[in-house]
Amino acid sequence: MAILDMDGEDGPKFIPDPLKIPKLACDSMADSAPYPAYPEHNMKLGFPGELLDNWQEVAIAKIGDLASKNRAFQVYLDACVKCGACTDKCHYFLGSGDPKNMPVARQDLLRSVYRRYYTFAGKYFPWLVGARDLTREVLDEWYSYYHQCSQCRRCSVFCPYGIDTAEISMAAREIMDTVGIGQKYCNEIIGKALEIGNNLGLQEKALRATLEDLEEDIEDETGVSVRIPVDEKGADILLITPSADFFAEPHIDGLIGYAKVFHQAGVSWTVSSYASEAANFGLFIGSYENMRDLALRIRRAAEDLGVKRIVFGECGHAWRVAYSFLNTLAGPFDFLDQNYPIPQHILEFTWDQIERGNLKFDKTKNDHLRLTYHDSCNVARGSRMGDKPGGQFEIPRNVIKAVCNNYFEMDRDTTKESTLCCGGGGGLLTDDLMDIRVKGASPRMTALQQVTQDHGVTHMAAICAICKTQFAKVMPKFGYERDSILSVHQLVSNAILLDGQITDDAPVPELEMANEEGTS
C-alpha cells in the first residue's frame, strides 16, 4: 500500500510499500566490496597474510571440512528446491534490485562450487546442476556478494526448509579468510578486541576517564551521585556492553540509563577493563576459534572480579552470541548465581525491576517524542528474553511503554520475527560499503516514513549498537535528523526518578508506576 506524503518538495507524493519488489538490475552491485584486510590484520587472527599460492586447493578442502563438521551447513547446501519463497525477503535485494542479492542466488554462489567438488552430478555432469569451478573470478564474486549479506536471517523465516543464508555467508567468509582474503573492517576490530579488550582499542586509562566524566554529568543533571564502577571486585553484576556505549550518541545515553537503573535498584555492579566489549565479530566471519577467544575474555573477567551475575547491554549480535553460544564457547558458568538467567539482558533486568515496583518514572519527560521501535535482527530471530516465547519482542516494548506516553508500531510485516534489517549489520558497518548500506536500509526507512505519516512519529528506538550507529548515519538521507534514533535505556534515563533527585521548581507530576496503562 502506498502512503501519501504531504511534505514532498514538489507537492504530494506517495511513500511506496517497503516490501515492494524492485525492478531487476542485474549485477548492479557487482563492484561493491569492502577494503581487504592488511596482512597483519589476518595474521593476528591465525589466517594467512595474503592470498595463498594454492588457494583453490585450500578453499575446496575447507568447504569439505565445513560440510563434514557442520551438518546444518551441508543440509542448507543440499536442500534448496528453488521454490522462490525467499527471493524478495532480503532488504539488500529490495533496495538494490540486484538478483544476486536474492537469498537463493547468494547461496548458489557457494552452492554451485560445493556441487562441483562434492556431489556426483556436479563432478560428472556440472552443466546439469549448475555446478562451476572455483576460479579467481568466482572468489571475487564471493567477496563482493557475501559482504552484501548482514546475516539477519529474515529469509530463513520464510524458507519452508529453514535454510539459513547467514550460515552460508559466514562459511563463505571463513573460507575466504582461510585462503588469505579477509575483510579489513571485521578482522581489524577482532584483533583490537583480542589485544585490548574492546573494538575501539580503548585503553583502561581512557575508559576510566570517560566513565568518571559520565558520573559527573549524571550528578550535575540529577544531584545524585551515581557510580559507574570499573574492575570492582566482589560486585554482584558484571555489565558487558558494546564499546560504543562509552563514547558515542545515542549509545552513551543508554549507558547512563543502565547506571541509573542499577543505582535505583540498589545492586552493586561493575564493568571490566579487560573485557569491555559485548560485541563478538568472530560471528560475522564464521570463525569459531575467534568467537571463543573473545567469549573467554568475558569468562576470565567474571571469574577474576568474583561477580555473581553477567548482564549484557544493548547490542544485537552480542546478545545472540551470549544467549545462544556463550555457554558452549566459554562455559560452564557454574561459578555464577544459578538463581538468575545466565546471561541476562539489561532489558530483562530493567523490566523485572519495573514489575517489582522498584522503579518510578515521570513519563512526561519523554512527551516531546513520538516513538516507534525497531526490532534488531539478531535479537528478534536469534535469541529470546524472559521466560516466555516472544519475550524478545514484548519486553523491550513493555519497557518503552512504561516510560513513554506516545508509542506506535510500524507495519506488522516489518517487525518482530519479520523485522527488516537496519542495513549495516553482519560486518557491513563501514564507510566503504555505504552504498549498499543505504540501499539495505531503505525498506526499514520506508516503513518508518509510513508510521511518521500515519501517526507523526519523530523518533525510533533500538537495542542494538550497530543499528543505532547505522541509522544515525543513514537517517538524514531519508529526511530525518541523526538524533532520531534512540537507545531504549536513553528513554529510561529521561524518565526515571532517583531517590533524592533534584527536580524542577514546578511540582513533580504524580509518579506513575511503570505497569500502569495509558500508552498508545
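A nonpolar core is taken here as a set of buried Ala, Val, Leu, Ile, Met, Phe, Trp, Tyr and Cys residues joined through side-chain atoms within 4.5 Å, where buried means under 20% relative accessible area with a 1.4 Å probe and protein chains only. This is a predicted model, in which local features need pLDDT of at least 70 and side-chain atom pairs count only at pLDDT 80 or more, while totals for chains, interfaces and linings use all residues. Residues are numbered from 1 along each chain as its sequence is written, and side-chain values use heavy atoms, with hydrogens and water left out.

**Nonpolar cores**

- The largest nonpolar core has 116 residues, of which Leu211, Phe262, Phe312, Leu448, Phe471 and Leu491 touch the most other members.
- Helix H14 (residues 288-305) gives the most to this core, contributing eight residues; helices (H or I, at least four residues) and strands (E, at least two) are DSSP runs numbered from the N terminus.
- Beyond its neighbours within four places in sequence, Phe471 has contacts (heavy atoms within 4.5 Å) with His374, Cys422, Arg444, Met445, Met460, Pro476 and Ile485.
- A second, separate core of 42 residues includes Tyr114, Leu139, Tyr143 and Ile181.

**Strand S5 and its partners**

- From strand S5 (residues 309-312), Arg309 and Val311 point one way and Ile310 and Phe312 the other way, and all are buried.
- Strand S3 (residues 237-240) runs parallel to S5 and is joined to it by four bridges, pairing being assigned if DSSP finds at least two bridges between two strands; Val311 in S5 is the bridge partner of Leu239.
- S5 also pairs in the parallel sense with strand S6 (residues 344-345) over two bridges, and His345 in S6 is the bridge partner of Phe312.

Technical notes:
Buried means under 20% relative accessible area, exposed over 50%, partly exposed in between (1.4 Å probe, protein chains only).
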